[in-house]
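Reader: I would like to learn how to read a structure feature by feature. Could you take me through one, giving the general idea before each case?

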Amino acid sequence: MAKYLVIVESPAKVKTIKKFLGKNYEVAASNGHVRDLPKSQLGIDVEHDYEPKYITIRGKGDILAKLRKEVKKADKIYLATDPDREGEAISWHLSKALKLEENKNVYRISFNEITKNAVKTSLKQARDIDMNLVDAQQTRRMLDRMVGYRISPVLWAKVKRGLSAGRVQSVALRIICDREEEINAFIPEEYWSLDAQFAIPGEKKLLAAKFYGNEKGKMDISSREELDKIVESLKKEKYQVVDVKKSERVKKAPLPFTTSTLQQEAAKALNFSTQKTMRLAQQLYEGIDIKGQGTVGLITYLRTDSVRISEEADAAAREYITNAYGEKYTAKNEENAKKSNAKIQDAHEAIRPSDITRTPVMVKESLSRDQFRLYQLIWKRFAASRMSSAVYETTSIKIGAGEYRFHVSASKIVFEGFMSVYTSDEDEKGENNLLLKSVDTDTKLELKDLEEKQHFTQPPAHFTEASLVKTLEELGIGRPSTYAPTITTLLARRYIVKENKNLYITELGEAVNNIMVEAFPEIVDERFTANMESLLDKVAEGAIPWKTVVSNFYPDLEHAVQAAEKDLEKVKIEDEVTDVICELCGRNMVVKYGPHGKFLACPGFPECKNTKPYLEKIGVSCPKCGKEVVLKKTKKGRKYYGCEANPECDFMSWQKPSKEKCPECGGYMVEKGNKLVCADAQCGFVKEKEKEKQK
């Protein structure tokens with residue numbers, strides 16, 4: 001009897017796939033990668049045509065020994081690692097480590113979902129390992145290794161040991177730092193809004209309208225004086241409806257999820273981190289034991305940047321929707337036609353349920369709460385993507401008052417379409433202001449109230465995990481598999497911290513970014529990094545030899561590293577002596593630089609191990625109590641300024657306070673970029689910093 005061996009990556013898939021294939025097939029797992037570049041050295045022979053040196057990963061010897069035994073028994077071997085470049089590379093490494101090329105029938109198979117049909121079909125479409133995909137992954141690994149192993153020692157020497165740089169990680173850090181600088185330099189600008197409430201004969205409810213502008217177009221009200229002038233003029237005018245327009249607005253169904261959009265939506269709707277989303281999605285993909293059905297892969301492969309759906313899945317979804325909701329809820333083919341993005345690899349399908357008839361309710365009992373919530377999100381989004389557009393009826397009313405105009409807009413859903421299954425935050429915000437039915441150009445209006453409100457423009461928002469993933473994708477930096485590990489690494493290294501969903505830069509992250517920008521501007525340049533991704537795509541297509549990419553990259557990197565080692569100043573404050581006396585041994589304590597920033601330590605270490613928090617005085621008196629303002633950090637490492645007398649005095653500021661008092665209101669001022677701004681937004685005084693203070 002013929003014996004076939006199928007090798008997969010994850011042990012979680014073994015049981016599921018074995019059940020599909022029967023007794024003639026043995027299924028074994030490699031537990032991910034089996035070979036890699038050595039940790040103790042660069043592992044790339046730059047002197048001899050950039051040949052990589054691969055070794056067996058520590059701890060994988062036993063797994064390889066078991067696989068070799070299975071290989072000896074098998075007539076045919078199928079390498080069934082994940083359907084992406086990394087999976088292709090793992091298959092190639094397995095082939096080398098197990099010496100499969102020598103005398104075995106070896107085939108590569110891949111499937112986008114772990115279902116009986118998909119697995120059996122893949123066996124019929126067995127192929128050779130695609131060396132172009134392997135080379136693309138190998139190139140990515142080598143570029144990342146070169147950046148990490150050549151730049152990280154520079155950071156160790158110039159800042160502290162244990163830090164790291166990464167090709168994608170360093171660009172992501174720079175993007176967060178640049179946003180933080182924008183926020184810190186932002187000067188709020190004042191503006192006003194004016195709302196009117198009108199009574200209409202026969203209607204109990206008042207009609208709410210917003211100030212729009214004048215006959216020429218939209219106007220912004222930027223000061224109290226402007227507002228008073230408009231209000232004074234309006235008091236003399238009569239109000240009348242000058243225009244009523246009714247129209248229909250169509251809202252198209254959303255696209256099914258890619259890795260990036262799933263991470264973003266799970267963060268917004270479920271408050272999941274990118275890492276948690278990927279962990280749960282991996283579980284849903286590899287297989288869940290469903291009551292009455294056994295172990296089943298519930299979703300398709302989770303690392304993808306394509307929105308394409310197979311013809312079979314599309315037809316099954318349309319049939320399900322027609323049966324469950326009716327013909328008019330099923331999208332016509334042209335409604336789902338979308339233009340593809342040049343950055344998309346389109347290697348496999350979008351993320352979708354492996355079987356749309358397996359509704360979230362049917363599998364709820366077999367899933368954990370978080371697995372269920374993620375599966376439900378994926379199922380609803382996919383079902384919605386095959387459904388008809390939603391239709392809104394919109395009404396727009398212009399109200400005239402002399403030369404000025406007020407505007408009322410409202411919309412109501414006349415056909416739910418896909419929104420009967422799936423709505424996002426934006427969809428829910430879309431429905432507003434249910435209008436009075438009887439408004440037309442003859443309607444009499446009686447002004448009941450004018451409501452004036454002062455506002456200030458807001459700075460750019462801090463990045464969240466979701467918005468950072470969106471930005472990285474838009475800039476073409478990284479790939480679906482890299483978003484979650486990149487953010488996880490930045491958090492683990494304490495370059496950034498996460499507070500209430502927002503990402504903030506730490507002092508350590510700032511120091512690392514400053515060195516990277518100064519010494520390695522190309523590495524942290526988003527266009528350079530995005531261009532490198534397109535070169536990797538060309539390697540995958542077979543258009544460029546992989547060694548060309550590596551040999552063009554390394555010499556410039558090496559030159560930059562040598563220059564940095566020679567020219568960069570050390571970011572080091574360990575020997576700064578303070579006037580704080582160690583109460584244990586009487587020595588003057590010194591400033592040390594640790595993974596969480598600065599702290600005070602006794603110079604008598606190791607005899608005396610006394611440490612204290614470091615409170616750096618900034619030479620400014622506390623506006624509340626007159627004591628010193630010191631630089632502090634939150635538990636997670638975010639910088640702020642507070643009074644040294646805390647907790648007796650509760651003064652704190654995210655921006656650095658200035659010695660100068662506001663000439664307008666006498667309050668304290670804060671530094672924002674090259675400007676000094678009154679801390680009281682109501683005052684709003686702004687002035688340029690003196691030049692000597694900017695140095």
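Author: Let us begin with exposure: buried means under 20% relative accessible area, exposed over 50%, and partly exposed in between, using a 1.4 Å probe and protein chains only. Helices (H or I, at least four residues) and strands (E, at least two) are DSSP runs, numbered from the N terminus. This is a predicted model, where local features need pLDDT of at least 70 and side-chain atom pairs count only at pLDDT 80 or more, while totals for chains, interfaces and linings use all residues. Residues are numbered from 1 along each chain as its sequence is written, and side-chain values use heavy atoms, with hydrogens and water left out.

Reader: Let me try a helix, then. Which residues of helix 4 are buried?

Author: Helix 4 spans residues 116-124, and its buried residues are Ala118, Val119, Ser122 and Leu123. These four lie on the same side of helix 4 because they cover an arc of only 140° around the axis; the arc is that of the directions from the helix axis to the C-beta atoms. On the face turned away from that buried side, helix 4 carries the exposed residues Asn117 and Lys124.

Reader: And what covers the buried residues of helix 4?

Author: The cover includes helix 1 (11-21), strand 2 (25-29) and strand 7 (76-79). Contact here means heavy atoms within 4.5 Å.

Reader: Now charges, please. How many salt bridges does a search of the whole structure find?

Author: The general idea is that side chains of opposite charge can pair when their charged atoms come close. The working rule asks for a side-chain nitrogen of Lys or Arg within 4 Å of a carboxyl oxygen of Asp or Glu. Searching the whole structure gives 37 salt bridges. In one of them, arginine 127 meets glutamate 88 at 2.9 Å, N to O. Arginine 127 sits in the loop between helix 4 and helix 5 (131-158), and glutamate 88 in helix 3 (residues 85-97), so this pair ties together parts that are 39 residues apart in sequence. Arginine 127 is partly exposed at 30% relative accessible area, whereas glutamate 88 is buried at 2%.

Reader: Where does the salt bridge of glutamate 215 and arginine 405 sit in the chain?

Author: That pair has an N to O distance of 3.9 Å. Glutamate 215 is in the loop between strand 10 (207-214) and strand 11 (217-218), and arginine 405 is in strand 16 (residues 404-415), 190 residues apart. Glutamate 215 is exposed, at 59% relative accessible area, while arginine 405 counts as buried, at 17%. Salt bridges can also join into a network, as they do for Arg140, Asp144, Arg167 and Glu533.

Reader: What about a charged residue without a partner? How far from lysine 672 is the nearest side chain of opposite charge?

Author: For this question, Lys and Arg count as positive and Asp and Glu as negative; His and the chain ends are not counted. Lysine 672 belongs to strand 29 (residues 668-672). Lysine 672 is buried and has no salt bridge, and the nearest side chain of opposite charge, glutamate 180, is 11 Å away. Beyond its neighbours within four places in sequence, lysine 672 has contacts that include Ile183, Phe186, Gln655 and Val677.

Reader: Sheets next. In what order do the strands of the open sheet run?

Author: Two strands pair if DSSP finds at least two bridges between them. Here 4 strands form an open sheet in the order 24-25-26-27, with antiparallel pairing. Strand 24 (616-621) and strand 27 (652-653) are the edges, each pairing on one side only. Strand 24 and strand 25 (residues 628-633) share 3 bridges, and lysine 617 stands opposite valine 630 in strand 25.

Reader: Lastly, how many aromatic pairs are there?

Author: A pair of aromatic rings is described by the distance of the centres and the angle of the planes. Rings of Phe, Tyr and Trp (its six-membered ring) pair if their centres lie within 6.5 Å; planes under 30 degrees apart count as stacked, over 60 as edge-to-face and the rest as tilted. The count comes to 17 aromatic pairs. Among them, tyrosine 320 and tryptophan 379 are edge-to-face, because their centres are 5.8 Å apart and their planes at 90°. Tyrosine 320 lies in helix 10 (residues 311-325) and tryptophan 379 in helix 12 (residues 369-385). Tyrosine 320 is buried at 19% relative accessibility, as is tryptophan 379 at 6%. There is also an aromatic cluster, formed by Phe198, Phe211, Tyr239, Tyr404 and Phe406.
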